[in-house]
Amino acid sequence: MIRNRLLGAAALVFLAAGCAAPPQEVSKTVLAAAPEPTKEVTHLVLPFDRYQLSVNDIYLIESAKDHLTRDCMKKRGYDWEVIDHRKQYPDVRNRRRYGVIEMQVAQEMGYKSNARLLGSTDVTARKMDREARLDPKAQKAALDPADGCYKLAGDQLERGNEENEDLVNKLNVNSLDEALKSPRVAPGMRSWVRCMAAKGHAYKDFYIASEDPRWAKSKTPSRAERETAVADVTCKQKADLVKALSETEQSIQEKDIREHKAYFARLEAAKERHLAAARAVLARD
C-alpha cells in the first residue's frame with residue numbers, strides 16, 4: 001500500500017515523448033484540470049524536502065538540459081525547441097502524502113488524480129507537443145535512451161553531482177509508516193475511523209478508502225466516490241489528523257537527519273552542485 005502513498009515526485013517532471021507525427025497532424029496538448037493547491041498543501045513541508053529537488057529546481061535543470069540538447073541536436077543536423085520556464089511554481093510534492101486533504105479536490109475529483117494535480121504544469125504540455133512534432137529520425141537523435149541528445153545533456157549536468165538517494169528514499173517511506181503507528185497519531189486515526197463509520201463508510205484507514213476497488217471502475221469520479229472523499233477530508237479535519245501526522249513526521253525526519261548527518265550533508269552538496277551546473281549553462285547562453 002505504501003507505493004500509493006508517496007505520489008508526486010515523479011509527476012513533477014512528467015515528460016512524455018509520445019509518437020512522432022507530421023506537424024500538421026499534431027494538436028495542442030491540454031492537461032486535465034485540477035484545483036489550485038491550497039495552504040494545506042503548500043504549507044506541508046517536511047525536513048527531507050530540502051535535500052531533494054523541488055519542482056522549481058527540476059525546471060531549472062530542465063531548462064539547462066534543453067539548451068545543451070539544442071547544441072547537440074544542431075551538431076546532428078536537427079533543430080530543437082528550447083522551452084524556458086523560469087516562473088516559480090508551488091511545490092506540491094506532499095499533496096497526496098496523507099491521502100486527499102483538500103475539500104475542493106474531494107468535491108471535484110474524489111480520489112482521482114492527474115498530472116496537473118500532482119505538480120505538472122503547462123510546461124509538460126509544451127514538451128509533449130514539441131516531441132510529437134519531431135520526425136522519427138529527429139526523435140531518435142533527441143530521445144534515444146542510450147545516446148539521445150537529451151540523455152547526454154542530463155548526464156553532463158549530473159556528472160560529479162550524484163549522491164545515492166536510496167537511503168533518503170527508504171527513510172522517507174519509513175517516516176510515514178512510523179508516524180502512522182505512533183502514539184501521537186493513533187487517537188486521530190481512531191477518531192477518523194469512528195467519524196467515517198458514522199457517515200456510513202467502514203474503512204480501517206484513509207489509504208484503504210482511497211484505494212476502494214469501486215473507484216477504479218470509472219475514469220471520472222462517481223457521486224459515491226466524491227461523497228466518500230468529502231467525508232474523508234471532513235473527518236481528517238475533525239480529528240486534526242494532518243497536523244498530527246506532519247508534526248510527527250517532522251520529528252522523525254529531523255532525528256534521521258541527525259543520525260545520518262554526513263550522508264545528508266553530501267546529499268545537500270550534490271544537489272547544490274547539480275543546480276550550479278545548470279545555472280552555469282543558462283548563464284553561458
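The side chains of Lys127 and Glu62 come together in a salt bridge, with 3.3 Å from N to O; the term stands for a side-chain nitrogen of Lys or Arg within 4 Å of a carboxyl oxygen of Asp or Glu. This pair links distant parts of the chain, 65 residues apart, with Lys127 in helix α4 (residues 122–133) and Glu62 in helix α2. Lys127 is buried at a relative accessible area of 2%, and Glu62 is buried at 8%. Here, buried means under 20% relative accessible area, exposed means over 50%, and partly exposed lies in between (1.4 Å probe, protein chains only).

The model is predicted, so local features need pLDDT of at least 70 and side-chain atom pairs count only at pLDDT 80 or more, while totals for chains, interfaces and linings use all residues. Residues are numbered from 1 along each chain as its sequence is written, and side-chain values use heavy atoms, leaving out hydrogens and water.

As a whole, the protein has 12 helices and zero strands; both are DSSP runs numbered from the N terminus, helices being H or I of at least four residues and strands E of at least two. The C-alpha trace spans about 65 × 50 × 30 Å along its principal axes. Of the 285 residues, 47% are buried. Among contacts (heavy atoms within 4.5 Å) between residues at least 6 apart in sequence, 83% join residues at least 24 apart.

The structure holds 23 salt bridges in total. Another of them joins the side chains of Asp57 and Lys271, at 3.6 Å from N to O. Asp57 lies in helix α2 (residues 55–75) and Lys271 in helix α12 (residues 261–284), so this pair ties together parts that are 214 residues apart in sequence. Both partners are buried, Asp57 at 14% relative accessible area and Lys271 at 13%.

Lys151 is partly exposed at 35% relative accessibility, and Asp155 is partly exposed at 26%.

Leu171 is buried, with a relative accessible area of 10%. Not counting residues up to four places away in sequence, Leu171 touches Phe48, Asp256, His260 and Phe264. The C-alpha atoms of Leu171 and Gln253 are separated by 7.8 Å, although the two residues are 82 apart along the chain.
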